[in-house]
Amino acid sequence: MTASSTKMSDVLTPASQGKVRDIYDLGDRLMLVATDRISAFDHVLADEIPYKGQVLTQISKFWFELLDGVVANHMITTDAADLPAEFEPWAEWLDGRFMIVRKMDMFPVECIMRGYLAGSGLKEYQREGTVCGIRLPEGLQNSSKLPEPLFTPSTKAEIGDHDENISFERCVQIVGEDDAQELSRLSTAVYNAAAQYASERGIIIADTKFEFGRGADGRIALGDEVLTPDSSRFWPADTYAPGADQPSFDKQYVRDWLTANWDGQGTPPRLPHDVIERTSEKYLQAYELLTGEKL
């Protein structure tokens, strides 16, 4: 039986819904379902991006497995044979886009790692010569590689709100000194390992966000999604040239179209078919480059 995410969530109510994911409570476990929804400028758009949910789940699965020796993670299974009975009517739609994970007590901060100057970091640097309050050398440009990767935590915002960059000192106030130091250490280790691997596949990981939690065993582990086009800036290495915005394997194509065709007021417009198609191609390309496989 083929079923849509809307039909499934009408019958089986998610415990919570994010911009992209629906989360179902399975007792001592959770089931994360990546839909094809796409968000931009803090709005969930009316149009979906084909294959996006599968790309997000399968890239996360790939990284969890690859980085298992660097950091523990919450993944249990993505095998459709392990679906709970109540979800079996939607097995065909769910296949490839769900992940059953261990429950963890998630830290109330997002762990941002920045290897290159872009986004809000670039804007702050141009104003003040800093990124999240960290002083950087003069003369850096748009998309410059940073002298070393920076751990720049942020608060977690509700849907429709903006995350807020915070200092390391503020992170310490929120989670405690020991955990803040460990989050910084783990984030840096994961970023460095992933960036090295991605560079060998022709991809620059300009920046990314991680979410960590503490499991029942007391260990800090990597959760949520990891190193996907939604949580990271992936740039093609073969065209990289500092001094300008870089093309990317993510929803930047959608952001650019909205910037050119919407004033930011009210409800975002519907996306043209070619923008939907091109964005889907970008997500699939990221998966294929990173994993060496077709989805």
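**View 1. The hairpin of β14 and β15.** Phe212 stands opposite Leu222 in β15, within a predicted model in which local features need pLDDT of at least 70, side-chain atom pairs count only at pLDDT 80 or more, and totals for chains, interfaces and linings use all residues. Residues are numbered from 1 along each chain as its sequence is written, and side-chain values use heavy atoms, with hydrogens and water left out. Strands (E, at least two residues) and helices (H or I, at least four) are DSSP runs numbered from the N terminus, and two strands count as paired if DSSP finds at least two bridges between them. β14 and β15 are paired in the antiparallel sense through four bridges. Five residues lie between the strands of this hairpin, in which Gly218 takes a positive phi near 90 degrees. Strand β15 (residues 220–223) is covered on both faces, with Ile220 and Leu222 buried on one side and Ala221 and Gly223 buried on the other; here buried means under 20% relative accessible area, exposed over 50%, and partly exposed in between (1.4 Å probe, protein chains only).

**View 2. The largest nonpolar core.** A nonpolar core is a set of buried Ala, Val, Leu, Ile, Met, Phe, Trp, Tyr and Cys residues joined through side-chain atoms within 4.5 Å. The largest one has 62 residues, and the members that touch the most others are Trp63, Leu183, Phe210, Phe212 and Leu227. Helix α6 (residues 177–200) contributes the largest share of this core, nine residues. Apart from it lies another core, of 13 residues, including Phe87, Trp93, Phe98 and Ile100. When neighbours within four places in sequence are left aside, Leu183 is in contact (heavy atoms within 4.5 Å) with Phe107, Val109, Cys111, Phe151, Val175, Phe212 and Ile220. Leu227, in the loop between β15 and β16 (232–236), is buried with a relative accessible area of 0%, and has a positive phi of about 55 degrees although it is not a glycine.

View 3. Beyond its neighbours within four places in sequence, Glu110 is in contact with Pro153, Ser154, Thr155, Lys156, Asp163, Lys209, Phe210 and Glu211.

**View 4. The largest cavity and its lining.** On a 1 Å grid over the protein atoms alone, a cavity is a set of points where a 1.4 Å probe fits but cannot get out, a pocket is an open set with protein on both sides within 12 Å along at least five of seven lines, and lining residues have an atom within 4 Å of a point. Grid points are joined across faces, edges and corners, and a volume is the space filled by probe spheres set on the points. The structure holds one cavity of 30 Å³ or more, and the volume of the largest cavity is about 60 Å³. Its lining is made up of Arg21, Leu32, Ala34, Leu56, Thr57, Ser60, Phe64, Arg97, Met99, Asp224 and Glu225. At least two lining residues come from each of β3 (29–34) and α2 (52–66), and α2 gives the largest share, four residues. By class, five of the lining residues are nonpolar, two polar and four charged, where Ala, Val, Leu, Ile, Met, Phe, Trp, Tyr, Cys and Pro count as nonpolar, Asp, Glu, Lys and Arg as charged, and the others, Gly among them, as polar.

**View 5. The second largest pocket.** Two or more lining residues are given by each of β9, β12 (145–151), α6 and β14 (203–214). The lining comprises nine nonpolar, four polar and two charged residues.

**View 6. An open sheet of five strands.** The strands are arranged in the order β1-β2-β3-β7-β6, with antiparallel pairing. β1 (16–17) and β6 (75–77) stand at the edges with a single partner strand each, so one side of each is left without a neighbour in the sheet. Two bridges join β6 to the antiparallel strand β7 (residues 98–102), in which Ile100 is the bridge partner of Thr77.

**View 7. Loops on either side of β5.** Asp42, in the loop between β4 (39–40) and β5, has a positive phi of about 65 degrees although it is not a glycine. The loop between β5 (43–44) and α2 holds Glu48, which counts as partly exposed at 39% relative accessibility. Ala46 also has its place in the loop between β5 and α2, and counts as exposed at 60% relative accessibility.
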